[in-house]
Amino acid sequence: MTPAEQPPALQVRGLTKRFDRVAVDALDLTVRTGEFYALLGPNGAGKTTTLRMVAGLLRPDAGSVSVLGIDALGDPVAAKQITSWVSDEPMIYDKLTPLEYLEFVAGLWGIDPAVSEPSARHLLLSLGLEPHLRQRCEGFSRGMRQKVALAGALVHEPRLIILDEPLTGLDAVSARHVKGLLQQRVAAGCTVIMTTHILEVAERMADRIGVIAAGRLVAEGTLAELRQQNGHNDTSLEDMFIALVDTEAAAA
Amino acid sequence: MSSAALSWFARHEIRLAWREWLAMMTGGRRGRKRAAVIGLIVFVAIMHLPAYAVIGRFAPLQAPLDKSTLIVITATIFLAWALMLSQAIESVTRVFYARADLDLIMSSPVNLANIFSVRIAAIALSVIAMALVLSTPFVDVLVIGGGARWFAAFGVVIAIGLSAAAIAIALTIMLFHLIGPGRTRLVAQILAAIIGAGFVIALQIAAILSFGTLSRFAVLTSDAAAAFAPGAGSIVWWPARAALGDGEALLLLLAGGLLLLGVVMAVFSARFADTAVRVSANAAPAQQDGGASRFRGGSRQQALRRKEFWLLRRDPWLVSQTLMQLLYLVPPALMLWRSFSDSSTAIILITPVIVMAAGQLAGGLAWLTISGEDAADLVATAPLPPARVIRAKVEVVLIAIGATFAPLVAALLFASPRQAAVTAAGVLIAAASATAIQLWFRVQARRSQFRRRQTSSRLATFAEAFSSIGWAATAALALSMPLVAAVTGLMTAAILAATWKISPRRT
């Protein structure tokens, strides 16, 4: 199957979620297979709610979610088998070591230990956690915990990786390790969808960028396409982002 | 540091203690302050009835007392002191580990010895305040029945509260220096859990070994205890004499308590700062685990069960609670052992104790495995249906309960196969009921929030307690009056059905 024939990694149609107000408003979003997609937006724009619905953590009020051609609402188990989710707050077990945590994650995804163990060791090594393999996570810094959570998200070889602010709390070296790992996965054919407030990361790493405000996608494209839409070829992503968000706020 | 600044800090400490108490009573929900205070007042008012039943007959007592009475009163005061010590140890560890303000205080331009003296005094104050509230129904009953002289008992509560707080602080700081901050947390939790229970259980063991009964009073009122006790003028009887209205003994006790707390403040307030620094530097020591390190295969449920067993084995609360439950089981186990050579019918008492312990332990285990999920997102995004996740967690609870209580049931089998069968059924039903209640009232929480589990849903807490008591009574009655057991069994089942009907998972 050529890339053009492959189903999109993510296809969202009319996705809606309401809490005390509308958080996601009939959102349409398509992310191609093998793409690094950055989802930007101000606080409370609906980014995390959207991604939590895609990951199966929240049930949408309306709309459809398709992950690599699988109806994620109709067959969530099949969709989850090929997806991984990393939240901004690393949720790991304090009383487990990184190796034990990865053994558990691999077991949950039903991965053969002969495959998952070398993969786990390689991931922890790549993320600089080798000296801490047998230490319980309770003493880890926030950055170390985030790296363990990320290793957990990658150990079962997902085809769609969804990350909500994965670089929060990481030092420069760790952030570079993480970015390198994610780029390797994209090069190997995985799809990465990431929210971030660090616009420079989106600018450098993303193939395409989506900007979400008030639960709707207000702009989407490559950096060059966004600049073209904005009418200034030399504008930085930060300037464009602020202009887009201000326009939406004024319209609201 | 000026006295105004110190009094300002004291007010700050009291406000923090009040809010911690309020958060514990309201389950962290806002807008329930009035309900919590009214609930406390109603609780204290209702407690006058059991207080009258337990202590009413002591109200007419007058000095001089015989030795047996002095021993009973002194033992009761010692039990209260042990419980206060337990609460004080809890408060001290909370100040060191749970309060997030140590960095702020230690980086501020204040005299740390002064400020930690205030903090020590605040711990003592909160321990005494709680003890005064809880002792009020008992002292009221004594005052109503025996006159105003019994008001002196409040003074005794204050004096033993001062000494309990002082000893808790000294003990905790010494533990820090002896075994380090990491281990102190676990040891202090275990100490706090078993100190109060330990005294009662020691008396029960003495009663069983000497008199073949579970009654603690058998030991306290025995001729042997009276012969062993010191003379009437001994310092040991000061608390009892003070409670009866002896002003001199009360003043000496209060002075002793204040002096002890003052010495602890003088000696340890400076070390409090050092200890706090060591805690923040070693908040979570790097503990090594995992020997073989080979990943194990198996189904997804097996992976979940393995993870739950890992976490349960390493859970400090569970270690302390299991130790406490096992401690409670020592007296009935001793009874069981004695019954091999003695055909006492008291052996029937073992069954309700075991069933009750199983229900209580299962409730805690079920909360830890079902609600206390630290990586809820990970489990929710795993490719397996939620029902299978829940099934694996329930299996863990039942396996753990089975492993804990199987040896006792097996020992009973030798004494009475029928009783063993009834006990096994009781353990299974009580554990399943407590687990079901936790399932119906499950909330997503971190394991470290375990302390708040009983306040997050009062209904679940009461239902769990009534269910354990109900099944324990049913098991005991099944051995002696089977027809009555059918009635209590149906009543307990009805309580469970009503709990299910009004649970959030049902509505």
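Tutor: Welcome! In this predicted model, the buried residues of α11(B) are A303(B), L304(B), R305(B), K307(B), E308(B), W310(B) and L311(B).

Student: What covers the buried residues of α11(B)?

Tutor: The cover includes α3 (98-108) of chain A, along with α13 (350-371) and α15 (386-415) of chain B.

Student: How do you know that the span of helix α11 of chain B agrees with what it should be?

Tutor: Good one to check. Helix α11 (residues 300-313) of chain B has 14 residues, and at 1.5 Å a residue these should span 20 Å. The end C-alpha atoms are 20 Å apart, so the two values agree.

Student: How many residues does the contact take from chain B and from chain A?

Tutor: Chain B gives 32 residues and chain A gives 36 residues. On the side of chain B that touches chain A, α11 and α14 (376-380) each supply at least two residues. The largest share of that side, seven residues, comes from α11(B). By class, the side of chain B that touches chain A has 16 nonpolar, eight polar and eight charged residues.

Student: Now to V86(A) in strand β6 (residues 83-86) of chain A. Why is V86(A) called buried?

Tutor: V86(A) has 26 other C-beta atoms within 10 Å. The cut-off for buried is 20 or more, so V86(A) is buried.

Student: Which residues does V86(A) touch, not counting those up to four places away in sequence?

Tutor: They are A149(A), L150(A), A153(A), L163(A), D164(A) and P166(A). As for A151(A), V86(A) is 65 residues apart from it in sequence and 9.7 Å apart in space, C-alpha to C-alpha.

Terms used. Residues numbered from 1 in each chain as written. Chains lettered and ligands numbered in written order. Predicted model: local features only at pLDDT ≥ 70, side-chain atom pairs only at ≥ 80, totals over all residues. Helix = DSSP H or I, 4+ residues; strand = E, 2+ residues; numbered from the N terminus. Buried ≥ 20, exposed ≤ 12 C-beta atoms within 10 Å, placed from the backbone. Contact = placed C-beta atoms within 7 Å. Expected span 1.5 Å × (residues − 1). Nonpolar A, V, L, I, M, F, W, Y, C, P; charged D, E, K, R; others polar.
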